Amino acid sequence: MTEKAVLTSAPLLDEIQRLKEDRNAVILAHYYQDPEIQDLADYLGDSLQLAQVATKTDAEVIVFCGVHFMAETAKILNPEKKVLLPDLSAGCSLAESCPADKFESFIQRHPGHAVVSYINTTAAVKALSDIICTSSNMERVLASIPEDQPVIFAPDSNMGHYLKKRTGRRMEIWPGTCTVHVAFSAQLLQMLRTKYPDALLLAHPECDETILSQADHVGSTTAIIKAAVEGRAQQYLIATEAGVIHQMEQLAPGKEFIPVPTIDDCPCSLCPYMRVHTPEKVLQVLRDLSPEITLEEELRLKALRPLERMMALG
Ligand code: SF4
């Protein structure tokens, strides 16, 4: 994770900085945020890293520049802190593809299964789960479950099938997808590979099999950034949300990062849910201390258990 100094020149950023100190606040931002949000964040990371930072910060207020389930996760882990989401409309197609009532019926239809849910889920779905995973630790989480016990995996079906193939585990997979990661075109990717024959393809496990089967490296957001920055190749084809390219360009300025186009031939695989935050909204949320994420304590405690099991794995 990158710890960043706040940029200082613009009056807007000065005011954000002043209010942040005044409120004893910290700004956390996901790699899929707009570059201007990434640059004003105190901490930048993927879901797992931001969840970990949220448990360690001394700040009383967390401004979460990510999507709703991430801010909710920060609240589950930090009930005593005020967790603010600059724009409450920051949802997630993947989390929304797994409603808690339907998931509960799915679990009931598969008795004896360990329930593993990806962190991209609502608190209500987390509360139904035995353990949470992220794209950084999913294989470690699966390995923590007795080998002879079948597993329910939710909500991302591409990630589930990828894991099933890699581990050989017996798995029932919830049929959810991320609209951003399923939009990459395998056909246009082939054309890019011809144009950039030496480029390595880096893909997130939420992509579908037609992309993953071609990838040189499949990994979490952080793993993809690391592979691009530390790899020997000079060119990389990026099959994940294009926000990661901002970090790659900062950390490896001499290399070339080419976003894989979507099926409608757009080189701009941006998550519409992530991109709703702006510096102006960050300023506003610091001023108003609202919108705030709140959770009923009973639900919070139920959602906390599977998260703690994941975090205990390190
Ligand atoms: S990129 Fe996909 S999984 Fe991530 S927040 Fe956006 S919709 Fe959800």
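**Strands, helices and domains**

Modeller: Strands β10 and β12 run parallel and are joined by four bridges. Strands here are DSSP runs of E with at least two residues, helices are runs of H or I with at least four, and both are numbered from the N terminus. The model is a predicted one, in which local features need pLDDT of at least 70, side-chain atom pairs count only at pLDDT 80 or more, and totals for chains, interfaces and linings use all residues. Residues are numbered from 1 along each chain as its sequence is written.

Biologist: What makes β11 and β13 edge strands?

Modeller: The open sheet has four strands in the order β11-β10-β12-β13, with parallel pairing. Both β11 (217–218) and β13 are edge strands, as each pairs on one side only. For β13, the parallel pairing is with β12 (residues 235–239), over four bridges; E256 in β13 is the bridge partner of Q235.

Biologist: Which faces does β13 have?

Modeller: Strand β13 (residues 256–259) has F257 and P259 on a covered face, while E256 and I258 are on an uncovered one. In a regular strand, side chains alternate between the two faces of the sheet.

Biologist: Why is the unit made by β12, α13 and β13 called right-handed?

Modeller: A crossover is right-handed if, with the strands pointing away from the viewer, the path from the first strand over the helix to the second runs clockwise. The β-α-β unit of β12, helix α13 (residues 244–251) and β13 is assigned this hand.

Biologist: What makes K75 a buried residue?

Modeller: A residue is buried if 20 or more other C-beta atoms, placed from the backbone, lie within 10 Å of its own, exposed if 12 or fewer do, and partly exposed in between. K75 has 24 other C-beta atoms within 10 Å, so it is buried. This residue lies in helix α4.

Biologist: Why is α4 described as largely enclosed by the rest of the structure?

Modeller: The reason is that 10 of the 10 residues of α4 are buried. Among them are H68, F69, M70 and K75.

Biologist: Which residues is K75 in contact with, leaving aside its neighbours within four places in sequence?

Modeller: They are V83, I293 and L295. Contact requires that the C-beta atoms of two residues, placed from the backbone, lie within 7 Å.

Biologist: How do you know that domain 1 touches domain 2?

Modeller: The bounds come from an automatic or database domain assignment, which gives domain 1 (2–90 + 274–294), domain 2 (94–177) and domain 3 (186–259). Seven residues of domain 1 are in contact with nine residues of domain 2. On the domain 1 side, α3 (47–56) and α4 (68–77) each supply at least two residues, and α4 gives the most, with four.

Technical notes. Two strands pair if DSSP finds at least two bridges between them.
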